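This report describes a predicted model. The sequence and structure come first, then the notes.

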Amino acid sequence: MQDLLYFSQQLINGLTIGSAYALIAIGYTMVYGIIGMINFAHGEIYMIGAYTALIAITGLATLGIAWLPVILIVALVCAMIVSSAMGWAVERVAYRPVRGRHRLIPLISAIGMSIFLQNYVHLAQGSRNIGFPALIEGSFQFGSEGAFAMSLSYMQITIFVTTLICMTALSLFISRSRTGRACRAVSQDLGMANLLGIDTNRIISATFVIGAALAAVAGLLLGMYYGSIDPLFGFIAGLKAFTAAVLGGIGSIPGAMLGGLILGVSESMTSGYLSGEYKDVVSFGLLILILLFKPTGLLGKPEVEKI
Amino acid sequence: MAAQNLKHALFCAVITLIISYPILGFNLEAEGINIILNGAETSTIVMVFLAAVVVFLFQLFRENIMATLKSIPTPLPQANKEPMAENKRARIESWVLTAIVVLALFWPFFVSRGSVDLATLVLIYIMLALGLNVVVGLAGLLDLGYVAFYAVGAYTFALLSEYFGISFWMSLPLGALLAALFGLVLGFPVLRLRGDYLAIVTLGFGEIIRILLNNWTSLTGGPNGIGGIPEPTLFGMEFGRRVKEEGNTSFHETFGIAYSGEDKVIFLYLISLVLAVFTALVIRRFMRMPVGRAWEALREDEIAARSLGLNRTAVKLTAFTIGAFFAGFAGTVFASKQGFISPESFVFLESAIILAIVVLGGMGSQLGVILAAIAVTILPELAREFSEYRMLIFGAAMVLMMVWRPQGLMPMRRIHIELKKQE
Amino acid sequence: MLEVQNLSMRFGGLLAVDQVSLDVQEHEIVSIIGPNGAGKTTVFNCMSGFYKPTGGKILFEGGEVQGKPDHKISRLGMVRTFQHVRLFSQMTVVENLLVAQHRHLNTNLIAGLLKTPDYRKREQKSLDRAAYWLERVGLLDLANREAGNLAYGQQRRLEIARCMVTEPKLLMLDEPAAGLNPAETKELNRLIVSLKEDYNVSVVLIEHDMSLVMDISDRINVINQGRPLACGTPDEIRQNDDVIKAYLGEA
């Protein structure tokens, strides 16, 4: 019973983190699906979302507003707006001019952008990590009769539910809306979509904006969940999310969700049963293994080399 | 058209405000357990609005500005000139390089200890960048975990000297070979991956090495690192005030000169110089050899190269291994120079800096990479107040280079093999 | 020397090549013709090892080669050109030919660093061979130019020369006449025949230029929609009803 509770606890922790990874992974997977590049700066967009949310929360507190729903919604909206604007600007400045050149050129540009944004926040907000208030407190406890009590916090439920809502909204958007249809067309064949009169530049911008907005949601959620943020925390999270995207099959949105969950669970199991220090080793190891043995991921489509 | 332009310019200005005002305009500060929000200084706010205005004006008159920019003749002198004759250029280049090396040999005796120390660091970066240049510039493989091989070299020396008392000179080849071995073992499975996947895998590998160094406390000392790494000796002569190792003599006593702390700094500098020159020469030679041509062919058109019987894994592996080898070299020198190493020195940012040097200098171009290494290491030291902006500027420079001049400041000039006319 | 048996290649739901068989004897020029999209290049891609065929066998000099890595197939002596010329365009003409001789060179790094006699000897030999073939295809004067700066017809000839310096037994040419003017095509015609006659190389040819195909082929294989349609000498093919129908039907 104890073991089962402990295991379930790890599972819950893993699924929580994993669903947040999935939110970030959407940004990687959509951009890759459409223009075939790794948006290396996406982790920084997420970090900026978290900072903006924190600034909004603190600002509201200074103004004396204490009603939780207002705080959360304002923080969420602010973070989404700033991150989306950032995503748009990054694409415009660093990626659009190099689109279509040799594969490594956009990637190096993206790495430069990532370093730039990291230091931009570092210079503006300092390098120390800064506390993030846990606005949603409390939890359900299970099996508290023994030494180990499994807890499912309201925060974890919030993360789950929010992710679910975002994913559903995104799926509906992609499958139903005009822009979503255009997105699918562009990801199938950019040149053809262009010929058919789709404004591909607009669609690509839209992809970056959507990805950034979802990353901002993840920024707010994980900021609250971890309880502190710093300018570097986007980097590792970005790598993890990228791993999730590759794991699920890059370019596939359900794949990002699946990959995020698998990654989150394997990480928390490593922390729970092995050691927290090695959880990053496990996720990077997983990334390397997937790329080596199944580079198309779990739900990705195989690519045929064109000669 | 004008109305649309105005709309677009306004939009860009608003975006500029949105992405800069919240982050720059407010400062989060911890006060006890609470966090408070302070407004930034007025000057910052003014700058933010000024930036928005600049963006607005630029976007509004974008076409005119671009047209004006195009009409200005390029400031680069080579752009319009006829390229020099092949052999003439090669001769001038080798004269310049020789002159630089000769100058570098005598220079440390006339400057301060701090400058020599910095110059040693520059040389280490030159070695690293030349090595990475083989991988990225010549073979076209983006390696984002290059610093891992640097770490292998440094830790090999540190551990060998700590546990077995092995000297710098023994460790130098060992560290380089071990780093090369790591390159070989890692490279073998991953080099068949496509370019951008390879980049991510090497990044993951670099992080794994760092995490292991950080956590394998019993061996590596974890985050505390390893100290007391010895300096190189000259034919058994030590450069310290007192001889540490039995059987060694001390440099200043042997030559009957007064002890000076500078001797050892200069000695280390000279070793680094010799090693850097060695690195440059060896790689230069590789470029003219079959292996160099194979790297280039594979970078230009992998499918054609394979169709001609080039084994893609083997060819890429040589580049990867050679790059790792020189990183191991640099790592050993670095460990000896610092006397202390910890995982802090081998973070991803370090890989990014080395990559930035290669990219700025011009992928594939040795002279460009050397100049970029000098600039990137020395500029932040020259302007201290500017040094906290160093990484910000690096990042921006990488983006700008990719957008405007992906071939780098000094693009690679190929060393052609000439077919001589047969009489 | 080459025997392709029931070769099939499937991409997901699309069967691009379906049960194609062909054989090439020594000292023979065999053509593969068929409408666009018939799967001719896919057959080449399977033969040269870029694709792993999903069915069938490819025997070269009696040994199975299907699914072998491309560079190994090339080293056995089956070398190809590409429909869209693939030169190393930033390298010079002669360097293109040196790369192709990679396996004949001393690639030992230490030997190269020390410039051992063996290394020099082989390097010189490969330069001589390159010079010979450049003369043969009329590009000797352009040896030190960048390959990307050559005219289209010259690039085509360089690509063939680049194959020949590897000393192949079987040469696979993918639409070598595409984009050439009539004079150049005639020259190509002579070159291909001379490769067979003077250098004892067998040739598999994919080509749309019927006059060239009919002129130099010993035998012709017709493929339509991934399936073999007919096989025979140029005269037989000219009179084959199925072939006429396929071509006229397409037109």
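The sections below take up chain C, chain B and chain A in turn.

## Chain C: fold and dimensions

Ten helices and ten strands make up the secondary structure of chain C. Along the principal axes, the box filled by the C-alpha atoms of chain C is roughly 65 × 40 × 30 Å.

The radius of gyration of chain C is 19 Å, which agrees with the value near 18 Å for a compact globule, because that is what 251 residues would give.

## Chain C: burial and contacts

Of the 251 residues in chain C, 44% are buried. Counting contacts in chain C between residues at least 6 apart in sequence, 64% join residues at least 24 apart.

## Chain B: domains

Chain B is divided into two parts: domain 1 covers residues 2-72, and domain 2 covers residues 93-404. A distance of 40 Å separates the C-alpha centres of domain 1 and domain 2 of chain B.

## Chain A: annotated spans

An unreviewed UniProt entry lists "transmembrane region" for residues 20-38, 45-65, 71-90, 102-121, 154-174 and 203-226 of chain A.

Two of these spans can be described from the model. Residues 20-38 of chain A are 84% helix and 0% strand, with 19 Å between the end C-alpha atoms. Residues 203-226 of chain A are 100% helix and 0% strand, and here the end C-alpha atoms lie 34 Å apart.

Technical notes
Residues numbered from 1 in each chain as written. Chains lettered and ligands numbered in written order. Predicted model: local features only at pLDDT ≥ 70, side-chain atom pairs only at ≥ 80, totals over all residues. Helix = DSSP H or I, 4+ residues; strand = E, 2+ residues; numbered from the N terminus. Rg over C-alpha atoms; globule rule 2.2 N^0.38 Å. Buried ≥ 20, exposed ≤ 12 C-beta atoms within 10 Å, placed from the backbone. Contact = placed C-beta atoms within 7 Å. Domains from an automatic or database assignment. UniProt positions renumbered as here; feature names shortened; annotations may be inferred.
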